[in-house]
Amino acid sequence: MHGFSENTLKEYKNIVFFTGAGMSAESGVPTYRGMGGIWHQYNWEEYACQQAFDSTPEKVLEFHDLRRQKIFGCKPHAGHYTLVEIEKQHSSVSIITQNIDGLHQLSGSSNVTELHGSIWRVCCDFCQDISLDYGAIYASKVCYKCNRWVRPDIVWFGDRLSTEVLRKVDNIVKKCDLFFSIGTSGVVYPAAGYLYLARSNGAKCIEINPEPTDSSPLFHHCIRGDASVILPGLFQSVD
Ligand code: OAD
């Protein structure tokens with residue numbers, strides 16, 4: 001397909017970039033599935049659900065400390081910076097990310113909604129106090145206020161997503177007329193449903209992923225390749 005220029009982007013009112021782990025892969029953040037995926041190495045039942053945290057909180061927090069160490073220091077790549085430029089050129093650009101690494105914000109994108117929370121925040125498992133904790137390892141694994149365990153403020157398997165975030169994202173996706181899905185396998189709901197919502201509301205839907213996904217047949221265009229290469233190429237004249 002042809003690339004997008006500043007002018008062709010203006011033909012669209014509301015643009016959504018929906019991103020998954022593949023968006024961060026070239027920054028050095030491991031994906032969840034596929035080669036080298038986190039869930040091949042670790043059982044999520046032991047590390048990424050409330051039941052695991054309830055029975056072995058220290059083990060779960062150590063796992064998340066390892067993830068923090070891996071992610072801390074990772075830098076955004078050219079694909080992230082392309083989205084920053086597009087946001088400067090167009091009046092309605094929304095990034096909806098399943099990623100918990102904060103790389104979109106670090107690159108300078110401002111309109112970012114985190115569907116699955118952030119590894120750089122903790123939430124007290126008892127008093128629910130949420131605080132920032134940005135660093136390679138946890139500054140504290142217990143709540144400053146009540147001294148109980150904190151858990152990462154991220155969505156684990158079996159957790160409910162915040163109603164407020166879901167409502168916000170639904171509204172953004174319903175209104176969009178150009179929807180990019182970048183680096184996601186599209187198997188985790190409700191995130192995976194946004195393609196259907198965008199498509200049923202008439203948006204043009206484009207997938208950017210080196211591999212086909214189960215959802216590929218539903219996109220108008222599938223572009224095969226890495227986010228750091230495809231994005232700058234696709235939006236060449238937007239800078
Ligand atoms: P996955 O690991 O399931 O999928 C990553 C996708 O990125 C795959 O389709 C890869 O082909 C693609 N990919 C790999 N390298 C890429 C690159 N350089 N450029 C573009 N794409 C690339 O990750 P997600 O779909 O994000 O949830 O996973 C969804 C959710 O499942 C995560 O948010 C997490 C996980 O369990 C929770 O923890 C709640």
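Me: Hi! Which side chains meet in a salt bridge at 2.9 Å, N to O?

Reply: Those of Arg 121 and Asp 153. A salt bridge here is a side-chain nitrogen of Lys or Arg within 4 Å of a carboxyl oxygen of Asp or Glu. Arg 121 lies in strand S4 (residues 117-124) and Asp 153 in strand S6, so the pair ties together parts that are 32 residues apart in sequence. Helices (H or I, at least four residues) and strands (E, at least two) are DSSP runs, numbered from the N terminus.

Me: Before we go on, what kind of model is this?

Reply: A predicted one, where local features need pLDDT of at least 70, side-chain atom pairs count only at pLDDT 80 or more, and totals for chains, interfaces and linings use all residues. Residues are numbered from 1 along each chain as its sequence is written, and side-chain values use heavy atoms, with hydrogens and water left out.

Me: Thanks! Back to Asp 153: buried or exposed?

Reply: Asp 153 counts as buried, at 18% relative accessibility. Arg 121 is partly exposed at 23%. Buried means under 20% relative accessible area, exposed over 50%, and partly exposed in between (1.4 Å probe, protein chains only).

Me: New topic. How many disulfides are there?

Reply: The count comes to zero, taking a disulfide as a pair of cysteine sulfur atoms within 2.5 Å. For Cys 49, the nearest cysteine sulfur is that of Cys 123, 16 Å away.

Me: What does Phe 18 touch?

Reply: Phe 18 is in strand S1 (residues 15-19) and is buried, with a relative accessible area of 4%. Not counting residues up to four places away in sequence, its contacts (heavy atoms within 4.5 Å) include Ile 96, Leu 115, Phe 179 and Tyr 194. The C-alpha atoms of Phe 18 and Ile 96 are separated by 4.8 Å, though the two residues are 78 apart along the chain.

Me: Which residues of helix H11 are buried?

Reply: In H11 (residues 227-234), these are Ala 227, Ser 228, Ile 230, Leu 231 and Leu 234. They pack against helix H2 (21-25), helix H7 (78-89), strand S7 (178-182), strand S8 (204-208) and strand S9 (221-223).

Me: One last thing: where does Asn 209 lie?

Reply: Asn 209 is in the loop between S8 and S9, and is buried, with a relative accessible area of 9%. Its side chain reaches the backbone oxygen of Thr 184 at 3.4 Å. Leaving aside neighbours within four places in sequence, Asn 209 is in contact with residues including Gly 183, Ile 223 and Arg 224.

Key
Polar contact = N/O pair within 3.5 Å; in protein donor to acceptor, adjacent residues only side chain to side chain.
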